[in-house]
Amino acid sequence: MNVPETTEIPQAVAEENAPDRENVNVRGLFGIDSNLTVSRFTRATAQVPTLDASYQFDKSTTLAILAGFTHKSRVLVQGMHGTGKSTHIEQVAARLRWPVMRVNLDGQLSRLDLVGKDAVVLRDGQPMTVFQEGVLPWAMSQPMALILDEYDAGRPDVMFVIQRLLEQDGALVLPDQNRVIRPHPDFRLFATANTVGLGNLTGLYHGVQRLNHAQLDRWNVVASLNYLPAEQELDIVASRVPHLAARNAGRTLIERMIELAALTRQGFAAGDLSTLMSPRTVITWAQNIEIFQDPALAFRLSFLNKCDDAERPLLAEYYQRCFDADLAESLDSSDLVA
């Protein structure tokens, strides 16, 4: 019986090649109320996400993500669509100058994409079969945060490959190569999901799976990132459309947009609507207002046209309540005939 070869970076080599670090205060770096200090890399590489200086951090989610970077905890961030789960991780990484790779666990991602596969290449004019490493061996071998997006939509064969990374040592076995790959000391693992492993209970997320709870139990930290208070959402939208926010009554307009978005979320929770307006949609609506110079038209193009016809009168009522203006959808059929 062949003993698998172990591929890992010796401790002395890892320490010698580890990026330089500096200690920083969490309050100053992330703008949240905390006395914690964390270490970050002193240099940024090309794989570090672009820093958004106006990003608004949620305190509990930020602290959970920092636990992943600082204490090597495996962190799963769950929340509704458009709440900025992946962006939140990326913006924490940007301030820590930590390289990031995002992988979307859609139906097209296979086990071979993650682990690697044999490929035929030309060397000196002759075809040769060589093993090309997949996403996991490549990411694990360096200082990097790997984000598994749409974690609850992964195929079962893919999920069981990932499960090995969630073990205490986080090693990856490549049986075809007779190798065991152990992660770099600065490798970190994160995931985002719309559900917490219970499947498509709301009807919003077709394609998600019921997660294996033995695997779900292996995540050290599970953070919930849902819709922020209206004041914080206002600051986020205003930061994305500064020209609109700087206009006369611009912030008042954004406040009304957020008020309408909150009504759609309440209507969804009450069962009156089958869809809701996420912060991402509010930002898109604001951007379209700058393009079309018409809040009603921008609302229709950004959100209303995505909704069921039977629900549009209710959404038009929400619009009238917030903007004191009628949409065509608020008229009943007899008015339209007249």
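Trainee: What makes the crossing of α3 and α4 right-handed?
Mentor: A crossing is right-handed if the near helix is turned clockwise from the far one by less than a right angle, and left-handed if anticlockwise. The crossing of α3 and α4 is right-handed. This is a predicted model, in which local features need pLDDT of at least 70 and side-chain atom pairs count only at pLDDT 80 or more, while totals for chains, interfaces and linings use all residues. Residues are numbered from 1 along each chain as its sequence is written, and side-chain values use heavy atoms, with hydrogens and water left out.

Trainee: Why are α3 and α4 called oblique to each other?
Mentor: Helix α3 (residues 59-71) and helix α4 (residues 85-96) pack at an angle of about 60°, their axes 10 Å apart. Angles under 35 degrees count as roughly parallel, over 145 as roughly antiparallel, 65 to 115 as roughly perpendicular and the rest as oblique. Therefore α3 and α4 are oblique.

Trainee: Which residues make the contact?
Mentor: From α3 come Thr61, Thr62, Ile65, Leu66 and Phe69, and from α4 His88, Ile89, Val92, Ala93 and Leu96. Contact means heavy atoms within 4.5 Å. These residues divide into 7 nonpolar, 3 polar and no charged.

Trainee: Why does Arg164 count as partly exposed?
Mentor: Buried means under 20% relative accessible area, exposed over 50%, and partly exposed in between (1.4 Å probe, protein chains only). Arg164 has 29% relative accessibility, so Arg164 counts as partly exposed. Arg164 sits in helix α7 (residues 156-165) and touches Asp169, Gly170, Ala171, Leu172 and Val173, leaving aside residues up to four places away in sequence.

Trainee: Why is Ala310 put in another class, exposed?
Mentor: Its relative accessibility is 67%, so Ala310 counts as exposed. Ala310 lies in the loop between α13 (295-302) and α14 (312-323).

Trainee: What makes a set of residues a nonpolar core?
Mentor: Such a core is a set of buried Ala, Val, Leu, Ile, Met, Phe, Trp, Tyr and Cys residues joined through side-chain atoms within 4.5 Å. The largest one here has 35 residues, and Ile254, Met257, Leu260, Trp285 and Phe299 have the most contacts inside it. Elements that give two or more residues to this core include α9 (230-240), α11 (250-270) and α12 (279-292). Its largest share, 7 residues, comes from α11.

Trainee: What does Ile254 touch?
Mentor: Not counting residues up to four places away in sequence, Ile254 touches Leu234, Val237, Ala238, Val241, Leu244 and Ala245. A second, separate core has 29 residues, among them Leu105, Val115, Met140 and Ala193.

Methods: Axes fitted to C-alpha atoms, helices over the stretch in contact; angles between N-to-C directions. Helix = DSSP H or I, 4+ residues; strand = E, 2+ residues; numbered from the N terminus. Nonpolar A, V, L, I, M, F, W, Y, C, P; charged D, E, K, R; others polar.
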